Amino acid sequence: MPRPLVLLMLCNLVIGTSAFVVAGILGPIATDLGVSLAAAGQTMTAYALATALLAPLALMASGRWPRKRVLVAAMALFTLGNATCALAQQLGTLLAGRVLMGAGAVFTPVAASLAISLVEPARRGQALAFVFLGASLSYVIGVPLGSWLGLRYGWATAVAVATVASALATVALAWRVPAHVQAPGASFAGLGGVLARRDVVAVLALTVLYFTAIFAVFSYIGPVLQALVPMSGEMQALTLTLFGLAGVAGSLAGGAASDRFGAERCLRVQLVVLGATMALLPLTAGHWATMMAALVVWGTAGFGMMPPQQSRLAHLAPAQAPLLLSLNNSMLYGGTALGAAIGGLAMQPLGLARLSWVGVPLTAAAMGLLWLGARRTRGAASANG
């Protein structure tokens, strides 16, 4: 892979760690700030909504800027939000910091557009998978480490370490990214035309559905794990690490399989597997090994869906790829926010141990949407033929 992609991958590791580390330490956050677990879980909602709404606006507003300037500015804003969270003494300040982080997450679609511009079309899936490998690695390295730090030394310590990491990433971008690096920008002018296409809207809607399913559970993953199998902080960190390793494998496999077998075929298999594991997860209560097996399969399928989804969008409109990838990122975080909200509402009637059942009808709806889209595409091809 081209060298700039390595640094972009590492920056996504930092962003993923900072964004999702709170999921493993919601208990200490809620206790320290004197709020309910469901209220603390809305830190995920705040970040997700800010990313969904503000990141595309920042992308289009900076469409004429040099790509290096956008990358550095985005990471600097993300670092400011991280620092605000680390110093927060009340929930309102913590939520404000998460909003700033969400705006700084414009880094991600810009990095994705660079990835597809630096390789030939036949390797786009692999390039996207490599750049987003950083997000997958955050579940292997950053989130488990942050969970351990937060449970042992306090949640603010974990967030402070993430702040230092994001500051170092900002410096590395300013130092190592070539000033001449180029990729297409995005503008407000192309937004209306893109959103008028039913095929594009269908792909974006699929992203919303499956991320809502995943984050209805993952937003509360620490408490969910404890409800299924009570464990020490070290054991929880190990569980999250293994889950993250499955995600890394899924992300890499998803990119390669998308290039070889086609995006839609990959997604059909992944959605079936994801729905099945979410249905079975509550049945593993009291058995760590069985629970871990279900989580590994879930992580492999769930993380593996992002590369084929992005490949579908890049194929639909290559000239609008940065805008489409940004919109897909917005749908991702829109689903994250919706999932956190739905999970918070379902927590009381279902219980934490059975929370994953919320995702089953959502994955079924995603499978139906994918089937309808494929049927419509085949019908159009037959009519044109």
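Among contacts in the protein chain between residues at least 6 apart in sequence, what percentage join residues at least 24 apart? The share is 85%, a value computed, like everything on this tour, from a predicted model.

Switching to C-alpha atoms, and viewing along the principal axes, you will see them fill a box of roughly 60 × 45 × 35 Å. The radius of gyration is 20 Å, which agrees with the value near 21 Å that a compact globule of 385 residues would have. If you colour by accessibility, buried residues account for 57% of the 385 residues.

Next, select residues 3-20, which form helix α1, together with residues 67-86, which form helix α4; the two pack with their axes 11 Å apart and at an angle of about 25°, so α1 is roughly parallel to α4. Their crossing is left-handed. Displaying side chains here brings up the residues that make the contact, namely Leu8, Cys11, Ile15 and Ser18 from α1 and Leu71, Met75, Phe78 and Asn82 from α4. Sorted by class, this contact has six nonpolar and two polar residues, with no charged ones.

Finally, move to Leu355, in the loop between α17 (321-350) and α18 (359-384). Leu355 has a relative accessible area of 0% and is therefore buried. Setting aside its neighbours within four places in sequence, select the residues in contact with Leu355: Ala216, Val217, Tyr220 and Val224, along with Gly343, Ala346, Met347 and Leu350.

Methods: Residues are numbered from 1 along each chain as its sequence is written. This is a predicted model: local features need pLDDT of at least 70, side-chain atom pairs count only at pLDDT 80 or more; totals for chains, interfaces and linings use all residues. Side-chain values use heavy atoms; hydrogens and water are left out. Axes are lines fitted to C-alpha atoms, for helices over the stretch in contact, and angles run from 0 to 180 degrees between N-to-C directions. Helices (H or I, at least four residues) and strands (E, at least two) are DSSP runs, numbered from the N terminus. Angles under 35 degrees count as roughly parallel, over 145 as roughly antiparallel, 65 to 115 as roughly perpendicular and the rest as oblique. A crossing is left-handed if the near helix is turned anticlockwise from the far one by less than a right angle, and right-handed if clockwise. Contact means heavy atoms within 4.5 Å. Ala, Val, Leu, Ile, Met, Phe, Trp, Tyr, Cys and Pro count as nonpolar, Asp, Glu, Lys and Arg as charged, and the others, Gly among them, as polar. Buried means under 20% relative accessible area, exposed over 50%, partly exposed in between (1.4 Å probe, protein chains only). The radius of gyration is taken over C-alpha atoms; the globule rule is 2.2 Å times the number of residues to the power 0.38.
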